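Thanks for coming, everyone. I have one structure to walk through today. Please look at it on the screen while I talk.

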Amino acid sequence: MEDIVNRVERRLRNELVGEVPSEQLGEIVLEELKTVDQVAYVRFASVYRKFDNVDSFLKELNYLKSLQDAKK
């Protein structure tokens with residue numbers, strides 16, 4: 001998990017200037033988690049994106065699955 005924190009920090013320093021909106025920080029964290037730990041990604045996304053029903057949760061899972069299938 002420390003690697004993810006370091007990568008997020010590095011991206012913030014390299015890509016952004018000044019204050020970072022929480023929405024942008026959340027998206028960066030999601031991008032990093034997606035490449036490292038899919039379960040952590042889904043857990044974070046479920047809170048960050050405030051899934052309000054099973055369909056929105058399944059939509060995110062299907063998106064993640066399609067990325068995984070594209071790599072094969």
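One term before we start: two residues are in contact when they have heavy atoms within 4.5 Å of each other. Keep that in mind for Arg11. Setting aside neighbours within four places in sequence, Arg11 is in contact with Leu16, Ile28, Glu31 and Glu32. Please also keep in mind that this is a predicted model.

Now the overall picture. The protein has four helices and zero strands. Along the sequence, the pattern reads α-α-α-α. The C-alpha atoms fill a box of roughly 35 × 30 × 20 Å, taken along the principal axes. There are 72 residues, and 22% of them count as buried. What about contacts with a separation of 6 or more? Of those, 28% come from residues 24 or more positions apart.

Next, the core. In soluble globular proteins, nonpolar side chains tend to be buried together. Which residues make up the largest nonpolar core here? There are twelve: Ile4, Val8, Leu16, Ile28, Val29, Leu30, Leu33, Ala40, Tyr41, Val42, Ala45 and Leu64. Leaving out residues up to four places away in sequence, Val29 touches Val8 and Phe44.

On to helix packing. Two packed helices are described by the angle between their axes and the distance between the axes. So how do helix 1 and helix 2 cross? Their axes come within 10 Å, at an angle of roughly 135 degrees. To be called roughly antiparallel, the angle would have to be over 145 degrees. Helix 1 and helix 2 are therefore oblique to each other. Their crossing is right-handed. By type, the residues of this contact divide into eight nonpolar, one polar and four charged. Who sits where? Helix 1 brings Ile4, Arg7, Val8, Arg11 and Leu12. Helix 2 brings Leu25, Ile28, Val29, Glu31, Glu32, Leu33, Thr35 and Val36.

That takes us back to Arg11, in helix 1. Is Arg11 buried or exposed? The cut-off for buried is under 20% relative accessible area. Arg11 has 18%, so Arg11 is buried. How far is Arg11 from Leu25? In sequence, they are 14 residues apart; in space, 9.9 Å, C-alpha to C-alpha.

Here is another charged residue to look at. Glu60 lies in helix 4, residues 54-71. Its relative accessibility is 10%, so Glu60 counts as buried too. And what does Glu60 touch? Not counting residues up to four places away in sequence, Glu60 touches Tyr41, Ala45, Arg49 and Phe51. Two of those, Tyr41 and Ala45, were on our core list.

Now contrast Glu23. Glu23 has its place in helix 2. With a relative accessible area of 53%, Glu23 is exposed. Glu23 and Arg49 are 26 residues apart along the chain, and their C-alpha atoms are separated by 10.0 Å.

Asn62 is 16 residues along the chain from Ser46, and the two C-alpha atoms are separated by 13 Å.

Last stop: a backbone angle. Most residues other than glycine have a negative phi. Now look at Lys50. What is its phi? Near 50 degrees, a positive value in a residue other than glycine. Where is Lys50? In the loop between helix 3 and helix 4. At 66% relative accessibility, Lys50 counts as exposed.

Let me recap. We have a predicted model with four helices and zero strands. The largest nonpolar core has twelve residues. Helix 1 and helix 2 make a right-handed crossing. Arg11 is buried, and Glu60 is buried. Lys50 has a positive phi. That's it from me; over to you.

Definitions and conventions: Residues are numbered from 1 along each chain as its sequence is written. This is a predicted model: local features need pLDDT of at least 70, side-chain atom pairs count only at pLDDT 80 or more; totals for chains, interfaces and linings use all residues. Side-chain values use heavy atoms; hydrogens and water are left out. A nonpolar core is a set of buried Ala, Val, Leu, Ile, Met, Phe, Trp, Tyr and Cys residues joined through side-chain atoms within 4.5 Å. Buried means under 20% relative accessible area, exposed over 50%, partly exposed in between (1.4 Å probe, protein chains only). Helices (H or I, at least four residues) and strands (E, at least two) are DSSP runs, numbered from the N terminus. Axes are lines fitted to C-alpha atoms, for helices over the stretch in contact, and angles run from 0 to 180 degrees between N-to-C directions. Angles under 35 degrees count as roughly parallel, over 145 as roughly antiparallel, 65 to 115 as roughly perpendicular and the rest as oblique. A crossing is left-handed if the near helix is turned anticlockwise from the far one by less than a right angle, and right-handed if clockwise. Ala, Val, Leu, Ile, Met, Phe, Trp, Tyr, Cys and Pro count as nonpolar, Asp, Glu, Lys and Arg as charged, and the others, Gly among them, as polar.
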